[in-house]
Every structure is written in C-alpha cells, then in structure tokens.
Amino acid sequence: MKYFLSIITVLAAVFLIAEPRTVSAAVGGAVSDCLEVIIPSLFAFTVLAVYLQKSGLYRTALKPLTFPLSKLLRMDEELCAVFVLANIGGYPVGASLLSELVRKGALSEKNAARMLCCCFGSGPSFIVGIVGVRVFGSAAAGLALFASCFISSLIMALIVRAGGDIELKSSFGRFDLSSGAFISSVTSGARVMFTVCSMITGFSVVSAILGATGVNDLSERLLGLLGAGENSSAIFAAVLEVTRIKSIVPVNGAMPLCAALLSFGGICVIMQIAALSGKIPLKRFILSRIPAAALSALAAVPLSNLLPPADIETLAPNTSTEPFTKNAVLSLCVLAMCGLLLLEMRREKA
C-alpha cells in the first residue's frame, strides 16, 4: 500500500507542475465556493452551536425540543441537545461538540463514536439556501430535503440507542455567560471553518486530477449505465465533495438522490470529521453513512410528492458567475475578525 500511495503522490506532483492552470482554476473555484457558500451558510450556525454548549444555554434554549426527544430516545437531555445542534448546525458541528464532551471526560470515546452516527447533518442553511433554492428553485423543496435528512438521523438515533445505554459520566450544570465563552466559541468556529475550507480546496485539486486522468468520464459512463441519466456526471463529484451537489439537474428522482447525497456527506466531509473528531473512533460512523443515505432517500419520496409540481421540476435560477459577491466580502470580514481573535488569544497565552 505504501508503494502504491508513493506512486500516486509522485504522479500528483507531476500533474501539479505540468498543469498549473488547471490547478489554479480548481483552487480558485474552491476558494470562491468557500467565500460565497460555505462560510456564509455554516460559520454563524457553528459559532452558535458551540456557544450554546460552552455557555450551558442549550439546556434551557433547546428544552422544547430536547424534552420530548429524551422521552423518545430514552437519552439524557444534554445528549439530545447535541443531537439537535449537530443536525441544524452543519456537518462538522456534531464531531466538534462530541469531541469536546470526550475531552472534558463527560462522554466515553465508545459512546461518542455511537452518537456520531446520528449527530451528523448538513443543516437547514445549506440545504434550503443552496440545494433547495439553487437546484430546485424552491425553498419548500429545501425544507423537504432537510426534513428527509433529519428523519434519517432520528431513525439512526433510535438504532444507536437500541444498542445500549448512552449516558454522560458527569453533568455540567454551571452556566458560563462570560465574554471568554463567546470568544472561545468564535475561535472554535474559526478553526472549524479553516479545516472545512482547507479540505474543500484540497479536494477540488483531487477532482481536477481525476478529471484530467479520465476517472470522472469513466464514472459518468458507469453511472449512466446504472440509470443515473442526466445526473451521471454530477453524482461522482458530489460523492467526493458534497457542495458539488449544486450541479444536480432537478429531474424526476433528483429529490431522493439529493437527500441520499446530503446524508452521506461525501468523502471530503468525512475527512473533515476525522480531523475534528479527536480520539473518537470513526469506523461505526463511516459504516453508518450508507444506511443513513438510504433512509433519507426513502423519506424524500413521499415528502417530494407533497410539493407542487413546479417545486420539483423548475430549474434553478441563474446565479451570479462573478468570483466575488457581497457574500464573499462578508466572509472575508469574518475571516479577518477570526484571525484577529486567534492572534489575541495566542498573545494572552504567551
């Protein structure tokens, strides 16, 4: 294996030298996506989720949701809060919150690994704002997709819970409403964004290499033979990096397909989870992605039938092709502020 990886690495290095324009275009597109899509849709939710946990406010703010969930799942309300935050905050949030509980000694690594199987979701901001509006031209379609993914996570939580009790070793009842908790939440969100955007940029280069070597064309032909139709070229790209789901064509069957891809998360997101999960074992989590994707697709079928025909057939509206928009400017401001906060904290520690 090490010799095979060594050969692949050398060939990749040769490609980077021989095709600088292709690489530059891939990196530029990824950076643009991060500034215009990922940071605006994920950063605020990530900071909010981390702050709710660090401050302890999630015990009261999410009470209307965690109380019935705790009865349904027969699980501690604080763990139900993590489940809710993970499924509305974005893919990396669950791993970040669970790794923090493990670090504090509140949750065992084994139980954190079990919880990660259901504490994983794209969140409504990305699903509704990007997939729903850009792909289907409908926020209602985005809400149906989010509901499909949430139902899948809920069923996965029931399956996880059926495997045995999951309890916190200790409960942190103290509230921390200090400015330090907020600053720590922002810096934690910045670290998550750095990891996410770095992985997306790296995978854009991988995708460019695969495209240049004919792998993408081969996968398109194979998926076409399997009946993927107009989306045969987009599926492989989305499996690698889930933000490419915006290239899906809204034809019949596109809703269940998008739901499955969103619940699977893509290889890039799985690697982000690996980077943020700390000591949490990932074998169960990786194995859980296939059944979770299948459950989302099944849930999307009846939900898509409830939408008006225009909501599942209308092509997405034209989006701006300019590399930098207002979202990009706001994202740059957010990154600059995060950088200042990180520098200030480093100075304080020194």
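1. How do the residues of the lining of the largest cavity divide into nonpolar, polar and charged? Nine are nonpolar, six are polar and one is charged. Keep in mind that this is a predicted model.

2. Start with the search itself. Rolling a probe the size of a water molecule over the atoms shows where empty space is left. Across the whole structure, three cavities of 30 Å³ or more turn up. The largest cavity holds about 140 Å³ of space. For the second largest cavity, the figure is about 80 Å³.

3. The largest share comes from α2, with three residues.

4. Turn to the second largest cavity. Here 14 residues form the lining. Find Phe120, Cys149, Ser153, Ser263 and Arg289 in the structure, as these lie nearest the centre of the second largest cavity. At least two lining residues come from each of α9 (139-162), α13 (254-264) and α15 (283-305). Helix α9 supplies the largest share, four residues. By class, the lining of the second largest cavity has eight nonpolar residues, five polar and one charged.

5. Next comes a pair of packed helices. Two packed helices are described by the angle between their axes and the distance between the axes. For α5 (residues 77-89) and α6, the angle is about 150 degrees and the axes are 7 Å apart. Why are α5 and α6 called roughly antiparallel? Angles over 145 degrees count as roughly antiparallel, so the α5 and α6 pair falls in that class.

6. Which residues make this contact? From α5 come Leu79, Val82, Leu85, Ala86 and Gly89. From α6 come Val93, Gly94, Leu97, Leu98 and Leu101. The contact of α5 with α6 has eight nonpolar residues, two polar and no charged ones.

7. The structure has a count of four salt bridges. One of them joins Glu100 and Arg103. Their closest N and O atoms are 2.6 Å apart. How far apart are Glu100 and Arg103 along helix α6? They are three residues apart, which means a separation of about one helical turn.

Key: Residues are numbered from 1 along each chain as its sequence is written. This is a predicted model: local features need pLDDT of at least 70, side-chain atom pairs count only at pLDDT 80 or more; totals for chains, interfaces and linings use all residues. Side-chain values use heavy atoms; hydrogens and water are left out. On a 1 Å grid over the protein atoms alone, a cavity is a set of points where a 1.4 Å probe fits but cannot get out, and a pocket is an open set with protein on both sides within 12 Å along at least five of seven lines; lining residues have an atom within 4 Å of a point. Grid points are joined across faces, edges and corners, and a volume is the space filled by probe spheres set on the points. Ala, Val, Leu, Ile, Met, Phe, Trp, Tyr, Cys and Pro count as nonpolar, Asp, Glu, Lys and Arg as charged, and the others, Gly among them, as polar. Axes are lines fitted to C-alpha atoms, for helices over the stretch in contact, and angles run from 0 to 180 degrees between N-to-C directions. Angles under 35 degrees count as roughly parallel, over 145 as roughly antiparallel, 65 to 115 as roughly perpendicular and the rest as oblique. Contact means heavy atoms within 4.5 Å. A salt bridge is a side-chain nitrogen of Lys or Arg within 4 Å of a carboxyl oxygen of Asp or Glu.
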